[in-house]
Structure formats: structure tokens, C-alpha cells
Amino acid sequence: MPEDRPTLPPVLLHTDAELARDALAAPLLSRAVRLARWAGPATRVGAGGELIEEQLPAAAGELGLPADQDGAAHASEAWRIAVDTGLVEVSEPDENAEDEEAEYGGASAGESLELVTSGSPQDVLAIWQEAFEAVHADATAPVLDDLDDILSEDGEIDFSALDWDPEAETEFLDGVLGNLYLLTVSGGGAAEEPVPLPALAASMIVPDDMGEPTDDVLEQVSEAMMRLDDQFRLFEPLGLVEYRPVDEALLAEEAGDEAAVPPGDEEDVSRYGLVRLTPLGLYGVRTRMLEAGVDAPAVGDLADKDADALLDGLACYPEMAARAETEQWLARRGVGDAAVQLLAAAKGADEGAPLRRLHCQQALTLVGAQAEPAVRAVLDDPELGGLARVWLAERGATDVPPPSESMVFWLAIDTIAAQLDAEGEPEELQELVEGLVGRHGGFFEQAWRVEHPATAEVLEAMGRLHGDRKLAKEARKAAFKARSRQAS
């Protein structure tokens, strides 16, 4: 596989309008918007822009939350998001004021609030993304259990006394979100099953070449799980994830100095936390990765590109994403012209050409009868003639000229080369190989003579894949002959 392909499969995102609706429905942003509309001349904030304690019960009431400690905490969190996203604008205290209110600042609706109702979906998503960044910063902040231990003599927090590396914390959380993103898009765009928290933690800590994890590594995984539990609890109200938290009984065990060791095969893994990225979460994590310079393609990226870019780009696409991308590409072009462009881009003797032809053939299955003139025009082409005959036969054409024997064998080599590049050596390819050999007596005696750049490579793979030891040996001998012919 060419080394310049993206390392991440493409993601099939919901439309901006759908994502914007999800963003506005997320509890945290929804509460932030409500508090921004509630803010007025009587609102008082502290030096950091936070609501003063006396106003938290009223803010909680505005949100329909109880006037207790939890309600105040949720209201305070939503207010901070409103400030961080520009939904609320806070002002400094009036130094000239003489009453006791002089120590407080004020608040009013910010410029972003108007965008919630009158802006575009992209405007709403930009606000939500700012909220994501704010929650991400909270999630990677140090846990302050005992302030007395880290306060300096002047009452300021002494960060040097904390066992906290902000860059390492951010890198770890981004790695976890990246792994969760990869698991989701590799499954076709939406994870069928939520991911167990121990698996996510282990993916960042347990070395790939480690067999049985050591007790020290298991302890690190357990500690990471507990940290991730806190972080995903923060992300869920934002709409980033669907999260089933770690069982409270396990947290009680951890509080009793009994580490929550990752579960064994027979234990209920759901007790240890289950997480799934939402469609909005996919959008947010991808946006963050793009800003970090990660190549994270999305379906639709190739719609405005030429046919060469489309067929090359589809090389890294799973089947469902490839079909969706191709449909978008075809929708922007006339059918006849699209077929001509696809067939021209499918030609070539380079390493990626077989896979381009496979994707060209799959693209043409989505095209109607208007493509037939372009397909018939390449019937005599040595590289595209076999592809054209297959397409016409599948559409019921009865006047298709039979292929020559050399074209049949060339197409067989080209097809297997494309499948090897696309999928490696799955069981389905083994069935294809055994079927081809079974239908053609003396297959390998003919195949090594095929003038195709991938002939030797394909025959070597057939030797590995074929279940019959005798025929596998014939394939390896044929591969040797092909390499000798190519070298002469």
C-alpha cells in the first residue's frame, strides 16, 4: 500500500444542519444559551467572570435545577461555558462606584448569542467547538484534593507542587479520543457497540508487544480508567459522547485503596464504563485533529476533485464510505462525461492501477445506461477491455464480444492484485483464488506468462492462499518463473 495514504479512514459526517441541532440540544450548551438570555443589569460576576455565589440559586432556578449544591455546580459550569464561548460578555467592576457593588463586574448578552438564532449551522458548530475546547481544558486540569498542600504563602496555587504535566495530560486525552475516533470510523462511521473503558485505557498504556500485562501496568490502566471516567462524565453533557459511567461500587472500592483492576473475560465489562462517540463527537474530535495537523478525511472531500484524485483517494476508503463518496462525485457531473473520465483515470501500469480499476468498475455500477457509449469505446483496450465486458454483461448486453484467453488471465491477475491492495488476504480472497484456479485447468502454466506488473506478486499470494498444497506449490513455481521472465 502506498505510504502517502491517510492513516485514518474517512468519516461519514452528518450534515452541518443536523450537527448544529445536536449541538443546541446538548444539555451544557443549551443551559449556557439560557443563562446568556437570562443575564442582565442585575447580574454580578467575580474577578474571573464567574457568577457570584449569591446568584447561583437564581441561575439554577432559571435552568430548572434544584437550589442545592449540585444545581449550583451545574449552573456555574454552564455560566462559564457561556462566558468562554462569547454567549455572555462580562465587564470589569466600576472602580468609581462607592457602594458595595463596586467589587463586582456585570454581564450582558455577547455577540455569539445572536448567532444561535440567526447564524448559520457553521456558526453554531463554531460556538460548540469552543465549548468543547473549554471542557477539554477542564478535563485535563489537575485534581485539587487538598488546596492547603499547594497554596503558597501569598495564597496563590503553587503549580510546581502539583504532580501535573499539562502537555502529557493533553496528549493522553487526545490519544484516547483519537483511538475512539479510529474505532468508530473503522466501523463504517458509527460504532455498533460502545467501547469498554478498560480497552481505551489499555490502548494507551499496554505496549503492543506485551503478552500478559504486569501488575504495575494493570495498576496504571486502573488509574487511567478512573481519570477517564471523570473526563467522560464532563464530556457527556456536551453531547460529545454517550457514556455509561464506572459502577459506583467500583469507585467505592478504589476509595478504600482497592484499585479497580480491569475486568477478566467472565466479568461484566459494562461495570467498568462504556463509551461511544456521538455523530457530534465525531465532528468535534475530527475538527480538533485537523487543527493539530492530522490527516482525517471525510466523505465529500473528493467530490470536487478530478477522476484521478477520486480513484486514488478511494484506495483508503471502506466499502460504505467509498460508495457514498462516489455517489457525491457522480452527482456533480454528467453521467457520460463522468464515465469517460473514470475510465481514463483507471488506466496505468503503476502499483496503484489495479485498485483504481476496481474502484472504477464499482463506480460504473452506480451509473446508468448513459455510460454505455464510453464503456463500449474501451472494449479493445488491453487494460480496460475486461472491465468493460463485465459491466456490459451485468447490464444484460447480448452483443458483447468474447474476451481473448490472454485478456481473461490478465483480468484475473489485475483483479487479485486490486483485492490484495485493498484488503490484504481475507477469507473471501482465498475463495476467489480457489474458484479461479478451479475454473481454468492449467491456470498457473498460463498465468506466469501474463504481461502484468503484479503477476509475480499475485502468484506468490495465491501460493499462500490456496488450500490445496499441490496447487499452492504450483503457484509458487509459477511466481518464480514470472520473476525470472521479468528479470530477463
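Reader: In which helix is Glu 394 found?

Author: The model is a predicted one, in which local features need pLDDT of at least 70, side-chain atom pairs count only at pLDDT 80 or more, and totals for chains, interfaces and linings use all residues. Residues are numbered from 1 along each chain as its sequence is written, and side-chain values use heavy atoms, with hydrogens and water left out. Glu 394 is found in helix H17 (residues 385-394); helices (H or I, at least four residues) and strands (E, at least two) are DSSP runs, numbered from the N terminus.

Reader: Why is Glu 394 called exposed?

Author: Exposed means over 50% relative accessible area, buried under 20%, and partly exposed in between (1.4 Å probe, protein chains only). Glu 394 has a relative accessible area of 56%, and is therefore exposed.

Reader: What makes Asp 229 and Arg 233 a salt bridge?

Author: The term requires a side-chain nitrogen of Lys or Arg within 4 Å of a carboxyl oxygen of Asp or Glu. The closest N and O atoms of Asp 229 and Arg 233 are 2.8 Å apart, so the pair qualifies. Both residues lie in helix H9 (residues 215-235), four residues apart, about one turn of the helix.

Reader: Why is Asp 229 called buried, and why is Arg 233 called partly exposed?

Author: Asp 229 has a relative accessible area of 1%, and so it is buried. Arg 233 has 30%, and is therefore partly exposed.

Reader: How do you know that Arg 485 forms a salt bridge with Glu 451?

Author: Their closest N and O atoms are 3.4 Å apart, so the pair meets the criterion. The pair links distant parts of the chain: Arg 485 belongs to helix H22, and Glu 451 to the loop between helix H20 (443-447) and helix H21 (455-465), 34 residues apart. Arg 485 counts as partly exposed because its relative accessibility is 22%, whereas Glu 451 is exposed because its relative accessible area is 62%.

Reader: What makes E4 and strand E5 a pair?

Author: Two strands pair if DSSP finds at least two bridges between them. E4 and strand E5 (residues 274-277) have four bridges in the antiparallel sense, and therefore they pair. Within this pairing, Val 241 stands opposite Leu 277 in E5, and Tyr 243 stands opposite Val 275 in E5.
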